[in-house]
Amino acid sequence: MNRMIIRGMALLLFIFTATTPLSAQKKSDPLKPKWLTQRLPEAKTPLYSLIRTIGEGRNLGEARQNCMKDLTDFLEHNRGITVSSTLSGQETVRDDEEADIQTQYIFEYKEDGRTFSIDSRKIDEYWTYKDGHYRCNILYAVADKDGGDTHCDDISLTTRYGARGFVRSLIIPGWGQMYKGNYLKGSLILGGEAACIAGIIAAENLRASYKKKMKEQPNHMQTYNTKADNCENIRNLCIGGAAALFVYNLIDAIAANGAKRVIIKKKPENLSLYPVFSPLYNGVGLAYKFNSK
C-alpha cells in the first residue's frame, strides 16, 4: 500500500513539474490568452471593435511601437483614412481583484479639410522573448469612425472560469484544463487516466487467466497463485493511481488559473424607471444618469 501511495504521488509530481512554467522562460503570461488563440468576443454596443495587432523588435518597446504601427496600418487600410498623428492619453488602472492597465490613444486624421479623431485603448498584451528578439501581440478597442465610443461597454480581463472547468473535468479528465487553455496539463491528465485504465484491464485479465490455470494445472498452483497475486497488486496500484489523478484533476480544474480571457458586459442604461410610493399618490418615477468624463 505504501508503494502505491508513493508511486501515485510521483505521478502527480511529474504532471505538476511538467506543466509549471519555469522562471527562465521569457513570456508575459504562462498561457496564451484566449483573445489570441480564439475568435474575439463581440462588442455589446456596436460603437467600437476589438482589434488584434502584432509587432516584433529587438526590445519590448520597439515591439510595442510596431504593434501601434500595425494598428495604424489597419485603420488606414480598412477605413480609408490617413492618420496624421497619434496622441497618447492617460493610463487607467482598474481597482479590482485582477488589476490591469488600459492605455488610451487618440488617432487624428483629416477629411474634407477638417480634423477628426478616433478613440482607442489598449486592453491587454502578450509577448514572448526568444534569441534576443521580442514578439508582441496587443489587443485594442477602437472606436468607430463616426460617433464611436470604447467606453460604452465594460471590458475586463480574468483568468477565472468558475465551475465550467470543473464540470468538464468531471465528465472527461483533463477536459477542464484544456478548456482553460492549458492543453499540456490536460493532455497529461487524460493520458495518465487512459494508461491507468488500460493497466487495470490488462492486470485483471492476467489475474483471471492465472486463476483459471490454477484449476487446470494443479501441479503449478503455487506458481500461478503468486503471479495472480502480483497482477492483483498491479491492478490495485492502477486503481489507486487513477483515483488520485482524477481527484487532482477536479481540484486543479476549479482552483488553478486559466488563460486570460476578455469579458464584455453592457453598462447599465442611463435611463431607468422605478416605482414611487407616498401617502398622497403612487406612480412611476423616471431617472436619467449623466456620465461625467
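Predicted model: local features only at pLDDT ≥ 70, side-chain atom pairs only at ≥ 80, totals over all residues.

Core first. Of the 20 residues in the largest nonpolar core, I noted that Leu71, Phe107, Ile118, Tyr140 and Val142 touch the most other members. (A nonpolar core is a set of buried Ala, Val, Leu, Ile, Met, Phe, Trp, Tyr and Cys residues joined through side-chain atoms within 4.5 Å; buried means under 20% relative accessible area, exposed over 50%, partly exposed in between, with a 1.4 Å probe and protein chains only.) The elements giving two or more residues to this core are α3 (60-79), β3 (101-111), β4 and β5 (133-143). Helices (H or I, at least four residues) and strands (E, at least two) are DSSP runs, numbered from the N terminus. I also found a second, separate core of 13 residues, which includes Leu40, Leu50, Leu139 and Ile264.

Residues are numbered from 1 along each chain as its sequence is written, and side-chain values use heavy atoms, with hydrogens and water left out.

Next, Asp124. I placed Asp124 in strand β4 (residues 114-130), and it counts as buried because its relative accessibility is 8%. Its side chain makes polar contacts with the side chains of Trp35 (2.9 Å) and Lys260 (2.8 Å). A polar contact is a pair of N or O atoms within 3.5 Å; within protein, one must be able to donate a hydrogen and the other to accept it, and residues adjacent in sequence count only if both atoms are side-chain atoms.

Last, Leu190. I found Leu190 in helix α6 (residues 183-216), partly exposed at a relative accessible area of 37%.
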